[in-house]
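Please open the structure in your viewer and keep the selection panel at hand. The stops below move from the surface to the ligand.

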Amino acid sequence: MNFYSTNNPSGRVSMEEALLRSQPADRGLYMPETIPFLGADFFHSISGGTLADIGFQISSALFKDAIPVSRLEELVHQALPFDTPVVALEVGKTHVLELFHGPSLAFKDVGARYMAAMMGYFLEKSNREVHILVATSGDTGGAVAMGFLGVPGIKVTILYPSGRVSELQEKQLTTLGQNITAIEIDGSFDDCQDLVKTAFTDVELNQEFSLASANSINIFRLIPQSFYYVRAFGQVKHLGKPVVFSTPSGNFGNLSAGALAYKMGLPVAQFIAATNLNYVVPKYLKTGLYSPNPSVETISNAMDVGNPSNFVRLVHLFDDNFETLKQQLSGYFFDDEQTRQAMAEVYQQFGYVMCPHTAVGYLGLRSYQQANPDVCGIALATAHPAKFKDLVESVIHKPVEIPVALEELMSRTKQSVRMKADFADFKEFLLQTA
Ligand SMILES: *Cc1c(COP(=O)(O)O)cnc(C)c1O
């Protein structure tokens, strides 16, 4: 399977290049040159498989020309050892797809771990080394750090804004050791991102290292996220109702992955884009006008994105046709008060605890079902509520249970390098530790 850039539909690069480069030089986004149509039979025959089983079947349809099938099977199972179960709140009507059973307790584990496994394969084969630089405002860094931990041929440097990530997020970034280095920047997330962006354009650093990015622009973070839509369909198809997915969205990688599954033939009746007050996509679906804004802060902060980086990809997946997109995708947005209310209501009604992002997805589903009551609704649960413990407890007035793995993490000692937001210092540090 080869890939093209959304800015140059006639060029092609290999899987290895799309994976290791992340973004084409023309600043477009990589897309698979053909998305295999697997057909309804494929999707109806796979109800029993685990996430890894399904992931392997789809991966072999996509990549068997680039990676031997037996190796591919090992890689996918190594990347995805956890499941993504559908939990029913009301059977046949309201379900949540729990995507938080991986090591960092958020759905980003699926993409980060799959991408890490694939990179590890190509680097080992070519005996190369890659240095990954990531700036994080919280969640991405944890998934990347844990996903790339111990992968041969890969060194990871994570930059995060000092004092501006939660204690739990900081522990996920700073306690791993091995091939993961955390740099604590005296500055904002934007400062961290600027340092990383400057590094990618620095001639000397590029001579010294093979630099790579692990942000959600990389198509290999997105492809594996299509697997859990398929897995979820397998769990509810016996109910015999049209299936709709509501995806709480920020950069729209997660929803684009759903669209990818749909392109492969997954019978989805409707997608729902649910956002917080960063509502550029729901507005677009209503008006046809795409007008990005500076992001606004909300309690579902992993979705505080004013100009979603995967918007172009989403539109591409729906054939660059606004009418097609509008038919398949409904959009809704909600403020913090509505989000808190939904968290409280779901807890009272079903005894189920949601993180604020998941609550936005749930609200999107409810809005859609007001006009379309007879569908099997699945809201994507993107993070474990314990990741937002203080907020969740203030809403439901009950202690939130912390998973054992998290408790263990909290007892570890932070190891980070503290630095000013100064490129010369950052560069010096990278060169010294080369
Ligand atoms: C990253 C993230 C999102 C948004 O996902 P996108 O793919 O950027 O739309 C939603 N919820 C949580 C918990 C996240 O970490």
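A residue counts as buried under 20% relative accessible area, as exposed over 50%, and as partly exposed in between (1.4 Å probe, protein chains only). This is a predicted model, in which local features need pLDDT of at least 70 and side-chain atom pairs count only at pLDDT 80 or more, while totals for chains, interfaces and linings use all residues. Residues are numbered from 1 along each chain as its sequence is written, and side-chain values use heavy atoms, with hydrogens and water left out.

Select Arg418 first: it is exposed, at 52% relative accessible area. Its side chain forms a salt bridge (a side-chain nitrogen of Lys or Arg within 4 Å of a carboxyl oxygen of Asp or Glu) with Asp186, at 2.7 Å from N to O. Arg418 lies in strand S14 and Asp186 in strand S8 (residues 180-186), 232 residues apart; strands are DSSP runs of E with at least two residues, helices runs of H or I with at least four, numbered from the N terminus.

Glu170 and Lys414 meet at 3.0 Å, N to O. Glu170 is buried, at 15%, whereas Lys414 is partly exposed, at 35%.

Now select the ligand. Which backbone atoms face its oxygen atoms? A backbone N or O atom of Phe252 lies 2.8 Å from a ligand oxygen, and a polar backbone atom of Asn254 is 2.9 Å from a ligand oxygen. On the side-chain side, a polar atom of Thr382 lies 2.9 Å from a ligand nitrogen.

How values were computed:
A polar contact is a pair of N or O atoms within 3.5 Å; within protein, one must be able to donate a hydrogen and the other to accept it, and residues adjacent in sequence count only if both atoms are side-chain atoms.
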